[in-house]
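Subject: Structure for you to look at

Hello,

Here is the structure I promised. Please open it first, then read my notes beside it.

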Amino acid sequence: MMVALTACTISYKFNGSSINYEKTKTISFENFPNRSVAFVWGPMESMFNTALQDIFMQQTRLKQVRQGGDLELSGEITNYDAINKGIGSDGYSTMAELRMTVNVRFVNNANHAEDFDNRQFSASREYDASQQLSAVQEELVNQMIDEIVEQIFNATVANW
């Protein structure tokens with residue numbers, strides 16, 4: 001009975017990643033430039049790149065290398081804009097929506113069947129149009145970035 005109990009082990013991963021660390025040890029990131037034609041908000045590019053790298057460093061045991069990692073991520077921010085969502089009886093906008101889209105290329109050098117090219121990840125947030133975008137922009141962009149990097153993480157290493 002004792003031998004049977006010690007032979008059985010159960011393993012749980014709470015970080016959500018399903019990486020075979022015997023085959024996959026490194027990750028490399030190219031800078032994701034902001035190529036949006038609608039809006040350009042200076043801090044967004046560095047905020048996104050930092051958040052993307054942070055999620056992989058915090059939730060995996062992968063070592064970051066400059067280039068040629070076992071996993072490779074590249075892409076660009078392709079859209080960042082705001083649109084009116086609602087018009088009041090006075091004809092003025094009551095709600096606005098801030099949107100962000102990122103194009104991602106992923107190469108898994110340990111298993112090329114998991115590669116993808118030009119996959120779009122998006123997030124949006126609504127805000128009261130009576131507020132200036134500059135007053136809510138940083139908070140909303142942080143929320144959208146968090147959502148998008150979580151989507152990218154799940155699409156690349158959380159294959160469960």
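Start with the contacts, meaning heavy atoms within 4.5 Å. Of the contacts in the protein with a separation of 6 or more, 71% are between residues 24 or more positions apart.

Two notes on the source. This is a predicted model, where local features need pLDDT of at least 70, side-chain atom pairs count only at pLDDT 80 or more, and totals for chains, interfaces and linings use all residues. Residues are numbered from 1 along each chain as its sequence is written, and side-chain values use heavy atoms, with hydrogens and water left out.

**Overall layout**

The protein has 3 helices and 5 strands. These are DSSP runs numbered from the N terminus: helices are H or I with at least four residues, strands are E with at least two. Along the sequence the pattern reads α-β-α-β-β-β-β-α. Of the 160 residues, 39% are buried. Buried means under 20% relative accessible area, exposed over 50%, and partly exposed in between (1.4 Å probe, protein chains only).

**The core**

A nonpolar core is a set of buried Ala, Val, Leu, Ile, Met, Phe, Trp, Tyr and Cys residues joined through side-chain atoms within 4.5 Å. The largest one here has 38 residues. Which residues have the most contacts inside it? They are F48, F56, M100, V141 and I145. Helix 3 (133-157) is among the elements that each supply at least two residues of this core. Helix 3 gives the largest share, 10 residues. In soluble globular proteins, nonpolar side chains tend to be buried together.

Now find F48. Leaving out residues up to four places away in sequence, F48 touches F32, I77, M100, V102, I145, I148, V149 and I152.

W41 sits in the loop between strand 1 and helix 2. Is W41 buried or exposed? W41 is buried, because its relative accessible area is 18%. W41 and E138 are 97 residues apart along the chain, yet their C-alpha atoms are separated by 9.6 Å. Not counting residues up to four places away in sequence, W41 touches N34, M47, Y80, Q137, E138 and V141.

Q137 lies in helix 3. Q137 counts as buried because its relative accessibility is 9%. The Q137 side chain makes a polar contact with the side chain of Y80 (2.6 Å). A polar contact is a pair of N or O atoms within 3.5 Å; within protein, one must be able to donate a hydrogen and the other to accept it, and residues adjacent in sequence count only if both atoms are side-chain atoms.

Best wishes
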